[in-house]
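Look at the structure below.

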Amino acid sequence: MSEPIQPQTTPGSKMIATMALVASICGVLIVGAFEGTQDAIAENKRIMLERAVFKVLPGAASVREYAATSAGIQPLAAGASLPEGGVKFYAAYDQAGVLKGVAAEAAGKGYADVVRVLYGYDAERQVIIGIGVVFMRETPGIGDKIITDQAFLKNFEALDVRVNAEMTALVNAVKVVKHGTKTSPWQIDAIAGATVTSKAVGRGINDSAQKLMPLLVPHIAELKS
Amino acid sequence: MSLPNQADEGITFDTFMEGVWRQNPVFVMVLGMCPTLAVTVSAVNGLSMGVATLFVLVSSCLLVSLIRHLVPKEVRIATYIVIIATFVTLVDYLIQAASLALYEALGAFIQLIVVNCIILGRAEAHASKNPPLKAVVNALGMGVGFAIGLFALGATREILGAGKLFGITLFGDNFQPWVVMVLPPGGFFVLGGWLLLFALLRSRKEGKVQA
């Protein structure tokens, strides 16, 4: 700048008035956008959840949200918060309204970030019958084999998660074993080269099932109605 | 872009092309590198981020230009940031409504558009001194330039790192994906490659002028 700087004084009231005006315009815009998109976002979230649940529980046609606490199981209203100490799960029903199974989320620390999976549970046989990845940032080509590796996914066709007679824990904790050494139905055969991610899935499922199954199994009959 | 009957003088093809080519934010000014490197793991991600930034850039430049005589100098940056943050929030909601999968892929980088220096830079250097139409045309050029840059990076990384483009497999089963290209270091490699290409083009052109 070549011209001398002249001290300019804008009255404070004008500054405040300008900021207030701009802030009001912006506020109106944001509220408008929120109101306009809220329904679409809620619908999107519902579709995404349904798609994830249907994937792990084939044949399901509708999903209901529940919370399991030490006091029993209660349906969870949309948008309601989870009760203290509760575990969230989804009950899935087929066209005729028969219980197809239960889905719940499991999370374990992976290589890059938390790996979150949804697992499908067959209440009749007390086994996990499928998993789907909800969120992960694992290394492409290595950790993301948990989605594509058929041998790994075979672990979750009938993974044993029976609850003991005292209803306190699983009879056998879900455990990830070295690739090729799986001997029992509660073990998960890790992917060679992606052990950390495999273990994250296994540990997550174990943590979640140890918490959820003892709360859920005594009340499973309530879901069938 | 031709605007023959415009009363506003000074809007030329160059007003638009400045951002697309001569001052391209990614390849020439090397601005906004944070989203450029982080989200361009696929062509779709790059393009979506580019379009989101384009929307924020054009809308905030329009508003800044409209109120340019009203805003006292002392509070102009604060005002611009409030305006930019508003449009980023709008984009945030719109992307969630359009596709949650895309929203999760872009992650925190949507909110971080607020601090993208291209936008504040355009608001301060151009929109606050020019009439609305000219500001919008210029912002459109910059936004398109940024989107092209992100798309170029995203497409290159997806082709090399996954053997796909827009999720469609390009090569046969014999293609071994070059995984490092979709990892963070690959972002630097590909950006470096593009910058090299642009530097080469520029030096060629300068050489021709001198000769």
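Helices (H or I, at least four residues) and strands (E, at least two) are DSSP runs, numbered from the N terminus. This is a predicted model, in which local features need pLDDT of at least 70 and side-chain atom pairs count only at pLDDT 80 or more, while totals for chains, interfaces and linings use all residues. Residues are numbered from 1 along each chain as its sequence is written, chains are lettered from A and ligands numbered from 1 in the order in which they are written, and side-chain values use heavy atoms, with hydrogens and water left out.

Start with B:Leu37. This residue sits in helix α2 of chain B, which spans residues 33-39. B:Leu37 is buried, at 17% relative accessible area. Buried means under 20%, exposed over 50%, and partly exposed in between (1.4 Å probe, protein chains only). What is B:Leu37 in contact with, leaving aside neighbours within four places in sequence? The partners are B:Arg157, B:Gly187, B:Phe188 and B:Leu191. Contact here means heavy atoms within 4.5 Å.

Now turn to the cores. In soluble globular proteins, nonpolar side chains tend to be buried together. A nonpolar core is a set of buried Ala, Val, Leu, Ile, Met, Phe, Trp, Tyr and Cys residues joined through side-chain atoms within 4.5 Å. The largest one has 53 residues, and B:Val26, B:Val56 and B:Ile83 are among those with the most contacts inside it. Both chains contribute: α1 (12-56) of chain A and several helices of chain B, including α2 and α8 (184-210), each supply at least two residues of this core. Its largest share, 10 residues, comes from α4(B). Apart from this core lies another, of 42 residues, including A:Val117 and A:Ile205.

Next come the charges. Side chains of opposite charge can pair when their charged atoms come close. A salt bridge is a side-chain nitrogen of Lys or Arg within 4 Å of a carboxyl oxygen of Asp or Glu. The structure holds 7 of them over all chains.

One joins A:Arg46 and A:Glu43, at 2.9 Å from N to O. Both residues lie in helix α1 of chain A, 3 residues apart, about one turn of the helix. A:Arg46 is partly exposed, at 39%, and A:Glu43 is partly exposed too, at 37%.

Another pairs B:Glu124 with B:Arg76, with the closest N and O atoms 3.0 Å apart. B:Glu124 is in helix α6 and B:Arg76 in helix α4 of chain B, so this pair ties together parts 48 residues apart in sequence.
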